[in-house]
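Colleague: I have a few questions about how these terms are applied. Could we take them in turn?

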Amino acid sequence: MSDAVVPHRAEPSAAPSRAGTGWFRRALDSDIFYSFRRSKLTMVAAAVTLLFFLLAIFASVLSVQNPFDPAQLQLMNSRISPLWTADGQSPFLLGTDEQGRDVFSAILYGLRISLVVGVLGVVFAGTLGITLGLIAGYVGGAVDGLIMRIADVQLTFPAILIALLVNGVAKSVFGNRLDAMSTLVVLVIAIGLSFWVQYARTVRGSVMVEKNKDYVAAAQLIGLPAPIIMLRHVLPNTMGPILVIATINLALAVITEATLSFLGAGMPDTMPSLGTLIRIGNNYLFAGEWWIVAFPGFALAGLILSINLLGDWLRDALNPKLR
Amino acid sequence: MLAFTLRRAIQAIGVMLAVGIISFSMFRFAGDPVNQIVSLDTSAAEREAVRKSLGLDDPVVMQFARYFGNAAQFKFGVSYQFRQPVSSLLAERMPATLELAICATIFAMVFGILMGVYSALKRDTALAKIFQAVSLIGISLPTFLIGILLIYLFSVTLGWLPSFGRGEVVRVGWWTTGLLTLSGLKALILPSITLGLFQLTLIMRLVRAEMLEVLRTDYIRFARARGLTTRAIHFGHALKNTLVPVITVAGLQFGSVIAFAIITETVFQWPGMGLLFVQAVQNVDIPIMAAYLLMVSLIFVTINLVVDILYTVVDPRLRSTLRRPA
């Protein structure tokens, strides 16, 4: 694509002040950044997503108590309604639950768990899927057939069912009383095993196109081993679609983790994620204590919606057909 | 045609065999079945007797053959939790899940098609934009949050509808139905909406896209030229042609509806197979988990097979392309 058909690059505001060089300058001038600045909704979504990540990272600084530390909880403070209602008490901005846990602090820590599980789940699913996709596409033949058959079969089953089964089997193998950290690992594995297929299919498709190109033949001719060619030469050319899948999958992974925790097959009450908080709060809905479930619910919904909007935009921005 | 059907059937059997192996390995290797059955103070000799009576001493291949033979006759062993045969537990709870899934699908079809047609025909109206926004929310919000929201609105605040259970049920033979009593029908409303909302957004988007596509075709222009009423064109010609993919998608989605009922049933404490499965996962009741996996896979594989075969019956164009060797 030549510069002539992309008229926005000649925008007056873009030219003068950017004295900086290197990748930063290139990033600001890119088509992607241009389409980002054009969409207000995307900018809001990006800001909200960033805010959620920052809240999760600085949870311990921003919260008034550590909700995982029983010593800091006082039953005297239980079931206080949010600050702006008649019975609100400082410093409990969003009220407290039945254990005297500050809902705002619990959300910050829960957000951290949800995002850690989500991001690690996506990384695990991506690594597994990309590896299998590279092998299937590059090697071909029977290996390709086997991997893709497994992918086909798995794709017919909903991810949540697979995640629940992995979770149940892990509990059975390691005993029912897993501690919180091992549960987190099990969740990451369960989510990874449920979402690898899309990466594998996409990578395989791109690899089958890329491997017939001259640069791969050149790499083979100078005697580079297959793994190096795959990782260093073929893989970078398949990264665009993978980024889109990863973004959308992050939302799916967060939903899956929350659902598992809500169903009682995820994070335990002692180390709650957003889903666990919603499950706990759900028990107090009928008593009129709506804030225990409502705010974690809003946080989860806002997080998923903003990541989804970001993913939708990224898909359109990276798709050359839509430009 | 026959060769295609046969090949697909063999593939389906292959998938079921693979799922059977997974289900069997869960049953056999994830934890020792003997430990789950006997109590702590059972002597070693008695454990050995139990082991023998369960046939756990036989070669693994023999055990698998026996497991598969039993599963084919719907014998899935005894639940660790309830001490009852898994098959009778599942049979007892199947009507609840199927009624919920069917109601949710009907809800999704009716409203999805209506909203889809409306937002295709009146693209720029405020209502159509609201529908689009609702569909974005329907895809983004997790099912259980929607369920909680509905409970808070219609059960806690307004007090119109029950928040849990099936209400009164009537026994018709071995089937229990909530469709014949008022409380049963009322109890069905919120869970059906919760379960059907995702399918609704899917169908709505599909109908909208298909309608917009069809309305651009020549035969619609020709129908206009013939002076037919807009009503006859939109509903007699355009909608009819969008319904084939819609029914296909709804059919293919029915399996997912049954699987996603797991979440809805937990929110509404609906006494179906999904709730049984979740409780089994929580309590590590492997026989129920293995049996549920087999049941759901059977439903999925059957639906996929039937849809594949129906496609070739309905659309003759597919037949010629299928003759190419795979």
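Colleague: How many helices and strands are there in chain B?

Modeller: Chain B has 13 helices and 2 strands. Helices are DSSP runs of H or I with at least four residues, strands are runs of E with at least two, and both are numbered from the N terminus. This is a predicted model: local features need pLDDT of at least 70, side-chain atom pairs count only at pLDDT 80 or more, and totals for chains, interfaces and linings use all residues. Residues are numbered from 1 along each chain as its sequence is written, and chains are lettered from A and ligands numbered from 1 in the order in which they are written.

Colleague: What makes α10(B) short of a straight helix?

Modeller: A straight helix would reach 56 Å at 1.5 Å a residue; that expected span is 1.5 Å times one less than the number of residues. α10(B) has 38 residues, but its end C-alpha atoms are only 44 Å apart.

Colleague: Where does α10(B) bend?

Modeller: At Leu239(B), by about 40°. The bend is the angle between axes fitted to the seven residues ending there and the seven starting there. After α10(B) comes Gln269(B), with a positive phi near 45°.

Colleague: Which elements of chain B give two or more residues to the side that touches chain A?

Modeller: The contact takes 30 residues from chain B and 33 residues from chain A. Two residues are in contact if their C-beta atoms, placed from the backbone, lie within 7 Å. The elements are α1 (2-29), α7 (143-157), α10 (230-267), α11 (273-282) and α12 (286-314) of chain B.
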